Amino acid sequence: MLPPVLCYHRVAGPMGLGVTRVARSIFARQMTGLARAGWRALTLAEFSQRVAQPAFPIPHPELLLSFDDGYASLAEHVYPVLADVGFTATTFLITDYVGRLNTWDVRYTWHRLGHLDWDTIGRWQERGFDFASHTASHARLTWLSDGHAAAELERSREALRHRLGPQAARAVAYPFSARDERIERLARAAGYELGFGGVRGNGSPLALARLPVYLWDVGRVPFGLRKDGLGWLARTVAHAANRCAVGTSVMLRLLPAPRSPLLL
Ligand SMILES: [Zn+2]
């Protein structure tokens, strides 16, 4: 069994950001809760070792925390919270948009938000945080020709390798979790060792599973890590949505509405 990989998009910021936004207070409570319960957050290199040796004996419960899209607010609201509890995380960057506004994303958020810049990324990398690829322009790779998909993967990997070194060039999270065998093959050919896709993997290191965390995750332990029925439900619904990037309204109908004061 591989350690679970949690996938967050946005923490804090306006409610209008949609279901992939998690409030800062809830995020801080989740991280403190996990740390107190003895969880350890892995570096990408440690996670990579677990992938290579799945039977590796694990003394503590472990997980990989991951953040997609690389919004600038991560450095303000997320990394300090993680550093406080001794956690690290891996952020998947859209390399063409580092230091720029989210013109690729306004369709979903209707907000102009900034992305992390290379200086800030470098400072957090020095503090033990990992960075990796979310492609060059957040393209849905499965819709692209071989040549275009390969270019998205290669350009992003080259920018990361050049700016941050080889350790930042080993992993990719596919935008919208859109992957198939062709994309896995192109990612491997581009030089990636690890690829993160939907809620279910297929056993390949280029098709690893992640559990998305949505705004209905208001408890101390994110649903994806819970063994009870609600955790199963969250995983199942996330699989039905089949993407890490944009949520679904199904859970919102099944669970208390996000008007709860907890979320404000
Ligand atoms: Zn994304």
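Colleague: By the ring-pair rule, how many aromatic pairs does the count come to?

Modeller: The model is a predicted one. Rings pair if their centres lie within 6.5 Å. By this rule the aromatic pairs number 9.

Colleague: Is the pair of Tyr8 and Phe67 stacked or edge-to-face?

Modeller: The ring centres of Tyr8 and Phe67 are 5.3 Å apart, and the planes stand at 15°. Planes under 30 degrees apart count as stacked. The pair of Tyr8 and Phe67 is therefore stacked.

Colleague: How many residues apart in sequence are the parts that Tyr8 and Phe67 tie together?

Modeller: Tyr8 is part of strand β1, and Phe67 is part of strand β5. The pair therefore ties together parts of the chain with a sequence separation of 59 residues.

Colleague: Is the aromatic pair of Tyr79 and Phe131 edge-to-face or stacked?

Modeller: The centres of Tyr79 and Phe131 are 6.2 Å apart, with 85° between the planes. Angles over 60 degrees count as edge-to-face. The pair of Tyr79 and Phe131 is thus edge-to-face.

Colleague: Which elements hold Tyr79 and Phe131?

Modeller: The two residues are 52 apart, so to speak of their pair is to speak of a link between distant parts of the chain. Tyr79 is buried at a relative accessible area of 1%, and Phe131 is buried at 2%. Tyr79 belongs to helix α3, and Phe131 to strand β7.

Colleague: Which residues form one aromatic cluster with Tyr79?

Modeller: Leaving out residues up to four places away in sequence, Tyr79 touches Leu74, Thr91, Leu116, Trp124, Phe129 and Phe131. Of the residues named, those that form one aromatic cluster with Tyr79 are Trp124, Phe129 and Phe131.

Colleague: In the largest nonpolar core, which residues touch the most other members?

Modeller: This core has 33 residues. Elements giving two or more residues to the core include β1, β5 and α3. The largest share, 6 residues, comes from α3. The residues that touch the most other members are Leu65, Phe67, Tyr79 and Leu82.

Colleague: Over which ring does the charged end of Arg100 sit?

Modeller: A charge sits over a ring if, among other conditions, CZ of Arg is within 6 Å of the ring centre. Arg140 lies over the face of Trp143, 4.6 Å from the ring centre. For Arg100 the distance to the centre is 4.6 Å, and the ring is that of Tyr97.

Notes: Residues numbered from 1 in each chain as written. Predicted model: local features only at pLDDT ≥ 70, side-chain atom pairs only at ≥ 80, totals over all residues. Heavy atoms only, no water. Core = buried A, V, L, I, M, F, W, Y, C linked by side-chain atoms within 4.5 Å. Buried < 20%, exposed > 50% of the residue type's maximum accessible area, 1.4 Å probe, protein only. Helix = DSSP H or I, 4+ residues; strand = E, 2+ residues; numbered from the N terminus. Contact = heavy atoms within 4.5 Å. Phe/Tyr/Trp six-rings, centres within 6.5 Å; stacked < 30°, edge-to-face > 60°. Lys NZ or Arg CZ within 6 Å of the ring centre and 35° of its normal.
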